[in-house]
Structure formats: structure tokens, C-alpha cells
Amino acid sequence: MHDIIIRGGTIYDGTGAPAYTGDVAIDGDTIVAVGKVHGTARREIDADGLMVAPGWVDIHTHYDGQALWDPYLTPSSWHGCTTVVMGNCGVGFAPVIPERHDWLISLMESVEDIPGAALADGIEWEWESFPGYLDALERKDRAIDIGTQVPHCAVRAYVMGDRCLKEETAGADDIQSMANIAEEALKAGALGFSTSRTVLHRTADNEVVPGTYAGREEMLGIATGINKAGHGILQMASDMADEEKEMGWMSELSRTLNVPVSMNVFQRDSDPEKYRRVLNSMARENASGAQVSGQVSGRTAGLLLTLDGTLHPFQSKPTFREIRRLPKAERNARMRDPDVREAIISEERLKGRGGEMATIFLEGWHKMFRLGSPPNYEPEESQSFGAKAQTLGCRPEDLAYDALMEFDGEGMIYFPFLNYANYDLEPSYEMMQMPNTHFGGSDGGAHCGVICDVSLPTYNLAFWGRDRTRGAKLPLEFLVHKQTQGTASLHGINDRGVLKPGYKADVNLIDFANLGLSNPSMAFDLPTGARRLIQKATGYQMTIKSGVPIFEQGVATGAMPGGLIRGPQTVAA
């Protein structure tokens with residue numbers, strides 16, 4: 001008598017092996033049999049016609065605050081995720097002294113666009129050290145598993161105080177202290193250490209975040225602490241401004257200290273071939289014993305411009321600013337007035353912070369598209385507002401205004417910021433298949449007012465496995481592997497991501513023909529009623545976490561079988 005038997009589904013076991021029809025038996029939190037399962041169970045689930053796959057493992061989220069108040073970590077759990085890893089890109093909330101609470105919240109708000117008011121209201125500061133933060137996380141009930149990484153910004157601020165921003169080069173004592181913190185945190189259960197080396201990540205005062213220009217000695221010193229802990233990855237966001245120099249110390253660090261390095265990789269309009277050079281350089285270094293990999297995305301890093309969000313083309317127009325805080329119905333009525341419309345469109349925008357980058361996001365008509373319903377994430381260049389305006393003989397501002405006013409003022413403009421220099425997703429197609437890459441980039445709980453890429457696990461399957469029309473697709477077995485065993489293995493959580501005996505019973509049952517995405521929308525459900533972009537999914541018939549159904553037909557069951565992952569995990573004997 002088993003606890004659960006899933007009968008007759010099409011099994012994609014997470015290894016990349018060909019799919020087959022079979023059963024999955026679960027006892028407790030563990031898979032005990034796969035194939036033809038005899039006997040009975042307390043619950044038998046008919047999976048005929050359904051895809052049966054491991055729960056998705058999303059390794060790039062920013063739920064560092066949300067994990068303290070949201071047991072479901074939505075939207076990720078709506079998209080079949082049973083494990084998420086947070087603490088990416090160097091930002092997080094431990095270690096910290098009380099005087100730095102507000103500073104870390106401000107930093108997270110500036111870098112990841114998570115409303116500071118929500119963080120301040122939702123976080124109860126029960127810790128100073130990183131192990132104390134882990135203990136606070138572990139005390140919370142949760143539906144899915146979470147893993148953590150140690151954030152460089154918080155560590156540098158804890159060790160160096162105000163010097164963390166001003167001094168590019170940390171002193172020897174500073175480096176030793178940071179190494180000790182990394183070692184302590186990893187021994188307590190963190191899965192890695194993260195940092196940011198991109199000028200896009202800035203403080204509220206428009207300074208680059210702590211550690212952006214940290215030197216080789218600092219990074220190797222921290223890696224020494226990781227090495228002493230016996231496990232852990234170094235994750236980073238990086239511009240790779242000096243490709244040879246950056247790859248040099250990353251490769252040296254991974255070879256000499258046995259610390260894997262994982263870096264976000266995207267195509268940038270300013271240098272469309274750089275991603276290929278970086279990935280090829282990784283391959284060469286790995287052939288010589290390094291362990292450097294890229295976290296890549298199945299679509300663009302896509303900005304969503306909307307009237308209730310962080311960005312849209314008319315936000316700095318004087319007439320819009322006069323009505324922006326009116327109740328939505330009243331604001332929309334005013335915006336439909338032809339005179340108001342013309343004033344908003346024709347006025348010069350007020351200049352603010354952001355400089356050239358703000359101009360690109362607010363006036364880059366060549367990269368703006370109507371998102372539409374259902375959302376189109378691979379639009380043709382001819383559909384950009386710039387190109388369409390020339391064809392139609394109108395202003396691109398007119399097209400942008402119409403797009404925003406769609407759906408009763410909840411329409412969205414899609415701005416594919418990264419991975420779209422050539423107006424197609426061929427760079428993503430290439431990057432996803434390279435052997436030294438892992439699926440990442442969803443940014444889970446981050447960029448609440450301007451990005452909603454949290455739906456990537458669902459999108460990857462539906463788009464690349466079924467719906468793409470502008471180029472080649474990818475095998476479902478490959479896609480399942482890349483976001484299960486492929487992602488789990490990066491962090492050494494090797495007890496999940498595979499449907500075989502001994503592995504954790506994390507399972508998705510999917511009606512693949514109906515797998516898809518709803519339109520993104522703005523919700524006001526964070527603490528204090530703060531906003532965030534959300535996107536739901538269709539097609540998930542059931543998600544099982546550690547042998548317990550947590551969603552059935554898209555509805556939460558209320559079960560809380562998840563918890564905190566402490567350190568690497570292995571398959572049950």
C-alpha cells in the first residue's frame with residue numbers, strides 16, 4: 001500500500017531521456033517506484049493524457065523578503081516550482097546590524113524594484129547573522145522549498161560600514177572578515193555567495209552597489225571562505241566590462257579553490273556578439289579545469305510598461321503627472337478626453353534621474369511593442385511602434401497611448417531590453433543549448449513594477465516545446481531536464497529534479513495541450529497594499545511537493561510540506 005500512485009502518465013523523468021508511459025509511486029516524501037507499479041495506494045491519480053515531470057527548480061529569484069510572509073512564494077508556485085533559490089545578485093537582508101535595516105531595504109528597492117514599504121512592513125528583523133536569518137526562515141510554514149545565497153552587498157556593509165560604497169579595494173582584514181562570514185553562512189546551510197558587478201544595479205543615490213568593482217583579492221578571499229565550508233557556488237550579475245580580466249579571475253578562483261562560478265548571460269544591444277564570446281570563453285576555460293557557467297533565459301529580459309507600473313512613456317509628462325494619482329476610473333476617463341490625450345502626447349517630458357537609459361526606456365520606439373492578449377514575446381521588428389508609425393503615418397506616441405489604454409487602462413507595452421538585438425529569440429535558442437548554461441533569469445519576486453519573467457518555467461515548455469512559429473523548437477525532454485535536474489545540480493541539491501526511486505517526490509502533472517500563460521496584470525497584494533506584476537498559468541492539473549499535493553486544478557490545498565534547504569542534498573539510500 002503506497003501513499004500515492006500516479007497512473008499511466010507520460011513520464012519526462014528530468015534526466016533528458018526519452019519520455020515513456022508509466023506509473024510513479026510515492027511513499028512519504030520520496031519516490032519509491034517508477035514504471036509499471038503494482039499494488040494499490042491510499043490515493044490513485046489517473047494521469048492518462050498528462051505530462052508527468054519533476055517539480056521545477058528555479059535558481060534565480062529574489063524572495064529574500066517575501067519568504068518571510070508568503071508561504072506559497074507566488075507567482076513561482078503557480079508555475080509548478082517546488083524549489084526556489086534566492087539571494088541572487090548580491091542583495092539580501094543578512095548579515096545586518098539594526099542601523100542598516102532601512103539601508104538594506106532601500107538597496108533592494110533600488111536594485112530589484114521591490115516596494116520598500118512592503119519590505120519594511122513584512123519583515124520582522126529577528127537576526128543579525130546569516131545563520132540567524134536562516135533560523136528565521138526555517139520557523140515559517142511554507143508550501144515549497146527555499147534555498148539561500150549570501151549577498152555580497154550586505155556582507156560588505158556589515159564589515160566595512162560606510163566604506164562599503166566608497167572603497168573599491170577592501171583591506172586585508174576586511175577580506176578576512178568577509179571570508180569568515182561566507183564560511184559561517186555556508187556551514188549553516190547557505191547554498192552559495194552572490195555578488196553584482198553591473199553598473200545597472202544602483203543605490204537610491206545612484207551609486208553602484210557595494211562590491212561592483214571589488215578586486216581579484218577580495219573575490220578570491222571570499223572564495224577561500226566558500227572553499228573552507230566545503231560547498232557553495234559564486235553567483236553574479238556582471239557586465240563583463242573587461243572580458244579577459246573578469247574571466248581570468250573567475251577561472252582562477254574556480255580552478256584553485258574548487259568553487260563553481262555562475263554568471264547571468266544575456267545579449268545586449270550595445271554589443272550583440274558579446275554573449276557568444278563570453279560563453280565560448282567559458283567553454284575554453286572549462287576544458288582546462290575551470291567550473292564557470294552561464295545562467296540564461298528562454299526569452300528576453302522584457303520590461304512591461306503600464307500606467308500603474310514603474311515605467312511608461314508618459315510618466316514624466318506634466319499633464320499626466322497632474323492626474324496620475326486619481327482613482328483609476330477617473331484617471332482613465334480624463335485620459336480618454338481628446339484634449340488631455342493630445343497634451344500628454346505632445347508635451348516635453350520633465351527630465352529626471354536615469355539619463356540616457358531613461359530616454360531609451362521612455363522614448364525607444366524601435367523596441368516598444370503592444371504586448372496584446374495572449375502576450376506575444378517574439379514580435380517582429382515591423383510591429384514596433386517606431387516601424388508601425390512610419391507605415392501608418394502617425395506618431396509612435398499615439399500607438400503607445402492606445403496600447404496603454406487597452407483593457408480599461410491596464411494595457412501593457414512590451415520592451416525587450418535584453419536578448420533581442422536582432423528582433424528574434426535566436427540568441428536564447430543558442431544559449432539554452434550550450435553545455436555550460438543553466439536556465440535562470442526569472443527574477444521571481446523582483447522588479448515588481450516593470451518585469452514579470454517569473455512565468456519562465458511555464459513559458460519555456462509551452463513556447464519552445466510547442467508554440468514557436470518564427471524558428472526551431474526544442475524537445476520537451478530537454479526543456480524538462482534543463483529546469484529540473486539541470487538547475488538543481490548547479491547548487492548541489494541533487495535529491496530532486498528526477499523521477500526515479502529515492503528522489504524527493506516533487507511532481508508536476510500537466511495538461512500540456514492547455515499549458516499556457518494568462519496576461520500579466522498588476523496586483524496590489526503585497527504588505528501595505530503595495531503593487532507587483534503577476535502572471536498566472538493554465539494547464540497545471542496538480543503540483544506535488546515532498547509527496548503532498550499543494551495545488552490541484554490551480555487551487556492551493558493549504559498543505560505546507562516545504563521548508564528550508566540547508567546545504568547540498570543527496571538521494572535517499
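1. A polar contact is a pair of N or O atoms within 3.5 Å; within protein, one atom must be able to donate a hydrogen and the other to accept it, and residues adjacent in sequence count only if both atoms are side-chain atoms. Helices (H or I, at least four residues) and strands (E, at least two) are DSSP runs, numbered from the N terminus. With these terms in hand, consider the start of helix α12: D337 caps its N-terminal end, with a side-chain oxygen 2.8 Å from the backbone nitrogen of D339.

2. This is a predicted model, in which local features need pLDDT of at least 70 and side-chain atom pairs count only at pLDDT 80 or more, while totals for chains, interfaces and linings use all residues. Residues are numbered from 1 along each chain as its sequence is written, and side-chain values use heavy atoms, with hydrogens and water left out.

3. Which residues of helix α12 are buried? Within α12 (residues 338-346) they are V340, I344 and I345, where buried means under 20% relative accessible area, exposed over 50% and partly exposed in between (1.4 Å probe, protein chains only). Because these residues cover an arc of only 125° around the axis, they lie on the same side of α12; the arc is that of the directions from the helix axis to the C-beta atoms. On the other side of the helix, P338 and D339 are exposed. The cover over the buried residues of α12 includes α10 (318-323), α11 (328-336) and α15 (396-409).

4. A nonpolar core is a set of buried Ala, Val, Leu, Ile, Met, Phe, Trp, Tyr and Cys residues joined through side-chain atoms within 4.5 Å. The largest has 117 residues, of which W127, L137, L234, L253, L461 and W464 touch the most other members. Helix α6 (residues 172-188) contributes the largest share of this core, 7 residues. Apart from it lies another core, of 31 residues, among them L307, I323, I344 and A389.

5. Contact means heavy atoms within 4.5 Å. Leaving aside neighbours within four places in sequence, L137 is in contact with A67, L68, M86, R142, I146, T148 and L564.

6. Helix α17 (residues 456-467) deserves attention for its span. A straight helix of 12 residues would span 16 Å at 1.5 Å a residue, whereas α17 spans only 14 Å between its end C-alpha atoms; the expected span is 1.5 Å times one less than the number of residues. Of its 12 residues, 10 are buried, so α17 is largely enclosed by the rest of the structure. The buried residues include Y459, L461, F463 and W464.

7. Y429 belongs to helix α16 (residues 426-433). Not counting residues up to four places away in sequence, Y429 touches W464, R468, A472, K473 and L474. The C-alpha atoms of Y429 and A343 are separated by 43 Å, and the two residues are 86 apart along the chain.

8. T74 and P75 are joined by a cis peptide bond with omega about 5°, and P75 is found in the loop between β6 (56-58) and β7 (81-85). The bond from A94 to P95 is also cis, with omega near -5°; P95 lies in the loop between β7 and α1 (101-112).

9. L73 lies in the loop between β6 and β7 and, at 0% relative accessibility, counts as buried.
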